[in-house]
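Q: I have a structure here that I have not looked at before. Can we go through it together?

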Amino acid sequence: ETENRMMIVKILEQINTSYSITTLGYFINDFDPEVRIAVAKALGQKNSEEATTILSTLVNDSETIVRFVCADSLLEIGTVEAIKLAESALMGFEKHPDSKVREIISSTLGFVNTQNSISILGGLLEDENRIVSLIAADSLCQLGTEGAFDVLSNKIKFASADFLDVVIHS
């Protein structure tokens, strides 16, 4: 039963041992996405190579929300490998038909300082949804790199007042 599996995951989340991480890994292929989400959240708190390895199996999960939680947990771990995996979990969603998904991508990529993420955020500056493009601009400012500012400066040439306001106040 899902409730029982969720309870086990919550207990294992409180225990910080290699055994608890390995045991959480047994739930990574659970049929219920809520269990996989709970596992991803728990592993994000473990900050270990083993947790990163287990989370790498959720990077391509069939459920969008599981992939987002997996990416968030990998960013929480914060190692170079974990950040690359988080970026991988988010790829392809920048063209998702739901603007809320594109908003999440725009916001999350502000924590992934890679050339690929900067490129995706640059594309999201042109999103049909104004909120998505403003979040992308804010994320580029948050990254604060020369590459991010180059992308922004190219956009500013043709920017609306709202877009410029976000850039100025970021």
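**Salt bridges and a helix pair**

A: Lys100 is exposed, its relative accessible area being 52%. Keep in mind that this is a predicted model.

Q: Which residue does Lys100 form a salt bridge with?

A: Its partner is Glu103, with the closest N and O atoms 4.0 Å apart. Both residues lie in helix H7 (residues 99-108), 3 residues apart, which is about one turn of the helix.

Q: And Glu103, buried or exposed?

A: Glu103 counts as buried, at 15% relative accessibility. The cut-off for buried is under 20%.

Q: How many salt bridges are there?

A: The count comes to 5 salt bridges. One of them joins the side chains of Asp61 and Arg36, at 2.8 Å from N to O.

Q: Where do Asp61 and Arg36 lie?

A: Asp61 lies in the loop between H4 and H5, and Arg36 in helix H3, so this pair ties together parts that are 25 residues apart in sequence. Helix H4 covers 49-55.

Q: Is that pair buried or exposed?

A: Asp61 and Arg36 are buried. For Asp61 the relative accessible area is 10%.

Q: What else does the side chain of Asp61 reach?

A: It reaches the backbone nitrogen of Glu63, at 2.8 Å. Leaving out residues up to four places away in sequence, Asp61 touches Arg36, Val66 and Arg67.

Q: Back to H7. What does Arg102 pair with?

A: Arg102 forms a salt bridge with Asp127, and the closest N and O atoms are 2.6 Å apart. Asp127 lies in the loop between helix H8 (115-124) and helix H9 (130-143) and Arg102 in helix H7, so the pair ties together parts that are 25 residues apart in sequence. Asp127 and Arg102 are both buried.

Q: New topic: helices. At what angle do H3 and H5 cross?

A: The axes of helix H3 (residues 33-44) and helix H5 (residues 64-77) cross at roughly 5 degrees and come within 8 Å. That makes H3 roughly parallel to H5, because angles under 35 degrees count as roughly parallel.

Q: Which residues meet there?

A: On the H3 side they are Pro33, Arg36, Ile37, Ala40, Lys41, Leu43 and Gly44. On the H5 side they are Ile65, Val66, Val69, Cys70, Ser73, Glu76 and Ile77.

Q: How many of the residues in that contact are nonpolar, polar or charged?

A: The contact of H3 with H5 has 9 nonpolar, 2 polar and 3 charged residues. Arg36, which is in this contact, is also the salt-bridge partner of Asp61.

How values were computed
Residues are numbered from 1 along each chain as its sequence is written. This is a predicted model: local features need pLDDT of at least 70, side-chain atom pairs count only at pLDDT 80 or more; totals for chains, interfaces and linings use all residues. Side-chain values use heavy atoms; hydrogens and water are left out. Axes are lines fitted to C-alpha atoms, for helices over the stretch in contact, and angles run from 0 to 180 degrees between N-to-C directions. Helices (H or I, at least four residues) and strands (E, at least two) are DSSP runs, numbered from the N terminus. Angles under 35 degrees count as roughly parallel, over 145 as roughly antiparallel, 65 to 115 as roughly perpendicular and the rest as oblique. Contact means heavy atoms within 4.5 Å. Ala, Val, Leu, Ile, Met, Phe, Trp, Tyr, Cys and Pro count as nonpolar, Asp, Glu, Lys and Arg as charged, and the others, Gly among them, as polar. Buried means under 20% relative accessible area, exposed over 50%, partly exposed in between (1.4 Å probe, protein chains only). A polar contact is a pair of N or O atoms within 3.5 Å; within protein, one must be able to donate a hydrogen and the other to accept it, and residues adjacent in sequence count only if both atoms are side-chain atoms.
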